[in-house]
Amino acid sequence: MFKNLALALTAVIALTSCTKKPSTDGTATSSNANEILVGEYGSMTGSEATFGISTHEGIQLAFKQINNTGGINGKLLKLISLDNQGKPEEAATAVQKLITQNKVVAVLGEVASSRSLAAAPIAQQYKIPMVSPSSTNPKVTEVGDYIFRVCFIDPFQGTVMAKFAAENLKAKKVAIMTDVKSDYSVGLAKFFKEKFEDLGGKVVSEQSYASQDIDFKAQLTAIKAAKPDAIFIPGYYTEVGLISRQAKGLGIKAALLGGDGWDSSKLFEIGKEAIVGGYFSNHYTTESKDKKVQEFISAYKDAYNKVPDGLAAMGYDAAMVLVDAMKRAKEPTPEAIRDQLATTKDFIAVTGKITIDEKRNATKPAVVVQVKGQDKYGYVTTINP
Amino acid sequence: MEEFIQHLINGLSLGSIYALIALGYTMVYGILQLINFAHSDVYMMGAFIGLYSSRFLGIQEKPGLLSFISVLFISMVGCSIVGFLIERLAYRPLRGAPKLNALITAIGVSLFLQYSGQIVFGATPQSFPNILEDADLLALGGVHLTLFDVTIFMTTLSLMLILRYIINSTKLGKAMRAVSYNGQWASLMGIPVNKIISMTFIIGSALAAAGGILVGMKYPKIEPLMGTMIGLKAFVAAVLGGIGNISGAVLGAMIMGIAEEFVVGYGASTYRDALAFGILILILLFRPAGILGKLNVEKV
């Protein structure tokens, strides 16, 4: 009897000490008067790790530049980053922790729409402005008036590739391969199909897969039998790399098309020659002659010793748009920042001119690039909204 | 017709991969009546040992038969050691305990390997080195048969035959069967039971390593959690064929591979994983011992 009681007591003590720990961590990072705390959550590990890491590096670079030039009205920016391992439920927990324990005034994140959608309701509930650098699913900013983004949205990205397939590639028949586990992929596929059929094309085969799958030959064999001119694969880079290899193994010659989810150096590492020649829509291109772009690329190279991908540029822009709103706000309170974010107009960013519309989305052009090799993407065309 | 044949080839190739892993499950079960859930994570270790050894040897971009065989050999030896240690440290202390304890320990070992893998190797998927160049062996009409498909299929078949030979025709195999029949009696007859069980794990883990390398070559994306889904499916395949039966594991795996391929190719691609577990439920309902398994009625 006593033995059992003792056991139960130890269990209770163990449990309470476990739940207490994080809160002491939280108070350790509480702000002092000369700092503005900004939270960031992203997939630093997991199967989309390069998304989180690139975005994080872009944000860090922006904050460093601002702090080196005196900060915001005399206050320095401090970034608190949390890893969500690429899981929506972890993203929600991370944002909860950033807001309630670290007391941040604004949140930056996420890349993947599924994770932004998991975290946005929490930011909205606490009335903390959240700026997503590159979640393109329309639902993200529909969560509430505190949720913003600095990228274009899926209807636009889907139509860009549909236009490109119909007008530049002169494709008549396309097949679509969707990742059914991802809101982003399903959204892109839907808008691509609508636009492509509007333009007189035909979708001859629609296949689906789930992220983490490794074998796609069944879907590809079915697609091959339908003889499409192009295959639209709006997925993320790990699966796309494998899909391209297996398509090559089956002797499929159709052009592969995709969205900004392809943008990672892992795409070529996994896909090798099979992915060369594929086209995808992106937020910017390193081949741009624009001064702002070239300055960003050289600053990024100095800091991290590599060429920034599109997501790094988006992270940088998200941070800069937030900084711009903070500068215009009289006090760095969440409400004031939100109000200023909503009135952002013609902000000159690396990825183009950003204007936040009444739905808190950014209107800006997209570029189409072609995969040429490891981290080599050739500029093909720009498509305006 | 072309599409049908291509689906069949794809299915056999996928089935051989399931078979490679199912063989390890079925062998350990046949001898110890233990479902070794850590088996699919030993397979993951095999892929990672392959990755690091090829980097160490500096042959990650030098495809060739020599690179392939040396990486395969190192990985099989490495995994044998891992398998031996798992048995020695986790399962042997529980030899006398109820079977449920060993089963739960197996799940624990599996999680231990997965999450320490995430710490040591990182959770980010890595691309597997190019140690053997894939090529079209046959491109007839629209049907493509690649070198990897054939290699994997042949490896699976030959490993199955070797295993059958070991178990049915060697002294070691005779001892294994004796241990499987009754461990206590076997030890009374002078059979070193612990040594035989260690050997079982060593052979099983070497098989898993071969699986890891072959899958890494065919689907060059490896990560610490890569064993979970494929391990579950291989387990279902082993149950389908009759767990404990070597040929049954291969047969079950082929059926699974082909069935999956046709469901995805001709029907709904979303139901791929549901199919595998649907088959498991049906088998357990109508033929609990599997296709080739014999049902032993336990007498009290």
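Tutor: In this predicted model, the side chains of Glu57(A) and Lys306(A) meet in a salt bridge, at 3.3 Å from N to O. The pair links distant parts of the chain, with Glu57(A) in helix 2 (residues 49-68) of chain A and Lys306(A) in the loop between helix 11 (291-304) and helix 12 (310-328) of chain A, 249 residues apart.

Student: Is Glu57(A) buried or exposed?

Tutor: The cut-off for a buried residue is under 20% relative accessible area. Glu57(A) has 12% relative accessibility, so Glu57(A) counts as buried.

Student: Which class does Arg338(A) fall into, buried or exposed?

Tutor: The side chains of Asp339(A) and Arg338(A) meet in a salt bridge at 3.2 Å, N to O. Asp339(A) is partly exposed, because its relative accessible area is 41%. For Arg338(A) the relative accessibility is 16%, so this residue counts as buried.

Student: Which residue of chain A meets Asp149(B) in a salt bridge?

Tutor: Within chain B, Asp149(B) meets Lys218(B) in a salt bridge at 3.5 Å, N to O. That pair links helix 8 (residues 193-218) of chain B, which holds Lys218(B), to helix 5 (residues 147-169) of chain B, which holds Asp149(B), across 69 residues; Lys218(B) and Asp149(B) are buried. Across the interface of chain A and chain B the rule finds 1 salt bridge, and there the side chain of Asp149(B) is paired, at 3.7 Å from N to O, with that of Lys217(A).

Student: Which element gives the largest share of the side of chain A that touches chain B?

Tutor: Between chain A and chain B there are 5 residue pairs in polar contact, both residues being at pLDDT 80 or more. At least two residues each of the side of chain A that touches chain B come from strand 7 (202-209), helix 8 (217-225), helix 9 (237-249) and helix 10 (265-271) of chain A. The largest share, 7 residues, is supplied by helix 8 of chain A.

Student: How much area do chain A and chain B bury between them?

Tutor: The contact takes 30 residues from chain A and 29 residues from chain B. Of the buried area, 54% lies on carbon and sulfur atoms. Chain A and chain B bury, between them, about 2500 Å².

Student: Which backbone oxygen does the side chain of Gln219(A) reach?

Tutor: Gln219(A) is found in helix 8 of chain A. Its relative accessibility is 1%, so Gln219(A) counts as buried. At 3.0 Å, its side chain reaches the backbone oxygen of Ser208(A).

Student: How many salt bridges does the rule find across the interface of domain 1 of chain A and domain 2 of chain A?

Tutor: The contact takes 19 residues from domain 1 of chain A and 18 residues from domain 2 of chain A. Across this interface the rule finds 5 residue pairs in polar contact, both residues being at pLDDT 80 or more. For salt bridges between domain 1 of chain A and domain 2 of chain A, the number found is 0.

Notes. Residues are numbered from 1 along each chain as its sequence is written. Chains are lettered from A and ligands numbered from 1 in the order in which they are written. This is a predicted model: local features need pLDDT of at least 70, side-chain atom pairs count only at pLDDT 80 or more; totals for chains, interfaces and linings use all residues. Side-chain values use heavy atoms; hydrogens and water are left out. Contact means heavy atoms within 4.5 Å. Buried area is the accessible area (1.4 Å probe) that two parts lose on being put together, summed over both. A salt bridge is a side-chain nitrogen of Lys or Arg within 4 Å of a carboxyl oxygen of Asp or Glu. A polar contact is a pair of N or O atoms within 3.5 Å; within protein, one must be able to donate a hydrogen and the other to accept it, and residues adjacent in sequence count only if both atoms are side-chain atoms. Helices (H or I, at least four residues) and strands (E, at least two) are DSSP runs, numbered from the N terminus. Buried means under 20% relative accessible area, exposed over 50%, partly exposed in between (1.4 Å probe, protein chains only).
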